[in-house]
Amino acid sequence: AARSSVFDGKTYACKDEDYKKEMDYLKSKVDAGAELIIIDVAVFTKFVEDCREWGIKVPVVPGLMCINNYGGFKKMTKFCKTRVPPALGAKMEEIKDDANAIKEFGVEFGSETVKALMEFGVEVLHFYTLNLEKVVYGILDRLGLREGATAQTNERDASSMVAVGSAWARVGDTVKSIYGTGTVTEIRPTGAAVIRLESWLLAEGQNPTAYLEKGAYTKVF
């Protein structure tokens, strides 16, 4: 038997034996001291049931990345190979040119998702806000978890915000580039990184420093 999903016209499968290995590995992490698990909402309920069957009793928290705009939705779902339901994909295509409609739909879709999770018994929610609070506050207001939160939002600077560095590389991370591997020592406001190259040596064993623009380096996992 196998678990499968379709993404971008391709079918991806996870055989039962592979899934069991992953669950056994997760159980070993919890036994070693892990106290919390954050998991994708799309597979949340089945995953929680499987965790309990494996004897994993720590809290499992759903991670929610809200729909804020069309470009971000397409970029993140492609990068993460997210299994987008056909109805959701079609809706986003329908409203892709209306920024306000997308925000409103983000609140609607997010509220339905959160409500289903709470009905399942979830007590803790983890929102990835990405410094954009309007949709999250809208969800909290709609579900009665807060009152008047939406009125407090201020996203006037959203279009001018510049991400510092890459979402996948921070100071201290090991990265690679055409110059070899190195360690990030600084991230500039433009996203450029100062990297201590470790694959080269200068006189007296010193490592050279490279200044690379965002996109010219990638994190080594």
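Ala, Val, Leu, Ile, Met, Phe, Trp, Tyr, Cys and Pro count here as nonpolar, Asp, Glu, Lys and Arg as charged, and the others, Gly among them, as polar. The model is predicted, with local features needing pLDDT of at least 70 and side-chain atom pairs pLDDT 80 or more, while totals for chains, interfaces and linings use all residues. Residues are numbered from 1 along each chain as its sequence is written, and side-chain values use heavy atoms, without hydrogens or water.

**View A. Lining of the second largest pocket.** This pocket (an open set of 1 Å grid points where a 1.4 Å probe fits, with protein on both sides within 12 Å along at least five of seven lines) is lined by residues with an atom within 4 Å of a point. Its lining consists of Phe44, Val48, Arg52, Pro59, Val60, Val61, Pro62, Phe120, Gly121, Val122, Glu123 and Val124. By class, the lining comprises 9 nonpolar, 1 polar and 2 charged residues.

**View B. Helix H4 against helix H5.** The axes (lines fitted to C-alpha atoms, with angles from 0 to 180 degrees between N-to-C directions) of H4 (residues 86–95) and H5 (residues 99–120) come within 10 Å and cross at roughly 155°. H4 is therefore roughly antiparallel to H5 (an angle over 145 degrees). Contact (heavy atoms within 4.5 Å) joins Leu88, Lys91, Met92 and Ile95 of H4 to Ala101, Ile102, Phe105 and Phe109 of H5. Of the residues in this contact, 7 are nonpolar, none is polar and 1 is charged.

**View C. Helix H3 against helix H4.** H3 (residues 70–79) and H4 have axes that come within 10 Å and cross at roughly 145°. Tyr70, Phe73 and Lys74 of H3 meet Leu88, Met92 and Glu93 of H4, a set divided into 4 nonpolar, no polar and 2 charged residues.

How values were computed:
Helix = DSSP H or I, 4+ residues; strand = E, 2+ residues; numbered from the N terminus. Parallel < 35°, antiparallel > 145°, perpendicular 65-115°, else oblique.
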